[in-house]
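Please look over the chain shown here. A short report on its build follows.

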Amino acid sequence: MDNQEHLMEKIATLCKHRGFIFQSGELYGGLAGIYDYGPLGSLLKNNIKNLWIKKFVEDRDDMFLIDAAIVMGEQPLTASGHVGGFSDPLVVDIKTGIEYRVDHLLESNGINPEGMTIEDMGQALKKHSVLSPEGNTLGDIREFNLMLKTQLGSSSDSSATAYLRPETAQGIFLNYKNIMDSMHPKIPFGVAQIGKAYRNEITPRNFIFRIREFEQMEIEYFIHPQVWEAQFEYWREEILEWCDMIGIDMSKLQEIEVNSTDRAHYSKRTIDFEFNFPFGQKELYGLAYRTDYDLVKHATYSKTNLRYVDPSNGETYIPHIIEPSMGLDRTILAVLASAYREDEVDGNTRSYLALHPQVAPYKIAVSPLVKNKEELVQKAREVFGMLKSQFGNVAWDDNGNIGKRYRRQDEIGTPFCVVVDYETLEDGMVSIRDRNTTEQERVGIHELADYVSNKLIV
Ligand code: ATP
């Protein structure tokens, strides 16, 4: 195992032991590709979502936030092309019956599947005599639809077939007319959404990188077709700014222009933002120019007029769309991989998460030096209450000795630890320790909130 693989294992172990992320249904052996966020993971996730909403919705005047349903009927997903074509090519190991994604098999045999059609893939498997990972012969390639199907109401009613949405985007397209009719926006404007999406991935893997239930943060930005290039460029910059803002290591981020054979059927230009994860460089986000593909399809299938009338000159057209699409779980993984550090403190290896303070689950931890001295506990509770009212997520930590508390808070990425000791009772000063440098300072309780505020804005 090399260092990078070790890193992935360390992150996954930390996530489990420190209450960030658990395998779902672990008591019963776990569900492959499904994860639960624990107490700290939920705080981290919410911080990221709130920052996203602040940046892309609240700080602008041209963006609406919506929360569409997860369950979708068959008709809109037929119109969007998902029922017919949202599939991955599969091959079966003839001996074990286990199925594998053909592109993944090619990759692990050193063959780049980029730009290959299904036929090309079949030929490549034959030409290079590719076997299954167990060394067995493979069967023929078949297409496997990735959508999770379900049934609404009585199972005898075939019109009740429904799906868990494979992307949040469709909920935005389906509400385009409702938003136009209720909010009367002028183009350009955007609709943003954060929500769950489901894909029956054949080989879920790499912790929360490729999972079957995940969350997306997507924007559909409606534009006049003539300005798509400038808008595409603008959203490219916005994505980069966002990554930097939440503490993603920008030296590990690369933009990849996706060639026409690899682009989704609806896209005229796509850039993948790839991150150098511990298991290799893989897609973190996508930016696509979806043209008017989706609205034209929905207008045709639903027989509804979705044309926009420009109030300034009467021009009518179906708006075109630029789509920044960001996976929340992959964001969390990239943030964790960017923040994980090891150093040596007092002759021992210390691991810590150098999380950006804005995303850290707790901003500060407060402790009494010892937990069985009433005056110390009382004073520390006062400080805790004061900081909590200003900073929200503040941890109370009185378990074990101070050294252990520091290690624990370092590991979960808390930027500051405040300790109330005997001197505090005399001089009203507390010690405040910086997670990254481990250096401590004495600060007066009255100045503490300002001191932390100044440091948190980095
Ligand atoms: P991949 O090629 O890795 O399967 P994709 O190109 O199919 O991804 P999109 O359809 O562009 O992904 O989805 C937009 C974003 O949603 C991705 O950039 C990623 O962040 C996230 N995403 C997609 N599939 C998954 C998944 N199975 N698990 C976690 N996140 C996902």
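## Overall build

This is a predicted model. The protein has 458 residues, and 51% of them count as buried. It holds 15 helices and 24 strands. Along the principal axes, its C-alpha atoms fill a box of roughly 75 × 65 × 45 Å.

The accessible surface comes to about 21,700 Å². Carbon and sulfur atoms account for 48% of that surface.

## Nonpolar cores

The largest nonpolar core has 64 residues. Trp-52, Trp-242 and Tyr-285 touch the most other members. Trp-242 is in contact with both of the others, Trp-52 and Tyr-285. Its partners also include Ile-48, Leu-51, Lys-55, Phe-56, Met-217 and Met-326, with neighbours within four places in sequence left aside.

## A nonpolar patch on the surface

Leu-369, Tyr-422 and Leu-425 form a nonpolar patch on the surface. Together they have about 240 Å² of accessible area. Tyr-422 lies in helix α14, which covers residues 422–427. Its relative accessible area is 40%, so Tyr-422 is partly exposed.

## Cysteines

How many disulfides does a search of the whole structure find? The count is 0. A disulfide is a covalent bond between the sulfur atoms of two cysteines.

## Arg-236 in helix α9

Arg-236 is found in helix α9, residues 228–245. Is this residue buried or exposed? Its relative accessibility is 18%, and the cut-off for buried is under 20%, so Arg-236 counts as buried. Beyond its neighbours within four places in sequence, Arg-236 is in contact with Glu-255, Ile-271, Phe-273 and Leu-287.

## Lys-196 in strand β10

Lys-196 has its place in strand β10, residues 189–198. At 25% relative accessibility, Lys-196 counts as partly exposed. Not counting residues up to four places away in sequence, Lys-196 touches Lys-45, Ile-70, Arg-165, Thr-168, Glu-213, Phe-214 and Glu-215.

Ser-87 is 109 residues from Lys-196 along the chain. The C-alpha atoms of the two are separated by 19 Å.

## Leu-333 in helix α11

Leu-333 sits in helix α11, residues 328–339. Its relative accessibility is 0%, so Leu-333 counts as buried. Which residues does Leu-333 touch, not counting those up to four places away in sequence? They are Met-8, Asn-206, Phe-207, Ile-208, Phe-209, Phe-277 and Phe-279.

Arg-142 is 191 residues from Leu-333 along the chain. Their C-alpha atoms are separated by 31 Å.

How values were computed: Residues numbered from 1 in each chain as written. Predicted model: local features only at pLDDT ≥ 70, side-chain atom pairs only at ≥ 80, totals over all residues. Heavy atoms only, no water. Core = buried A, V, L, I, M, F, W, Y, C linked by side-chain atoms within 4.5 Å. Buried < 20%, exposed > 50% of the residue type's maximum accessible area, 1.4 Å probe, protein only. Contact = heavy atoms within 4.5 Å. Patch = residues over 30% accessible without salt bridge, like charges linked within 9 Å, V, L, I, M, F, W, Y side chains within 5 Å. Areas by Shrake-Rupley, 256 points an atom, 1.4 Å probe, with all protein chains shown as cover. Salt bridge = Lys/Arg side-chain N within 4 Å of Asp/Glu carboxyl O. Helix = DSSP H or I, 4+ residues; strand = E, 2+ residues; numbered from the N terminus. Disulfide = S-S within 2.5 Å.
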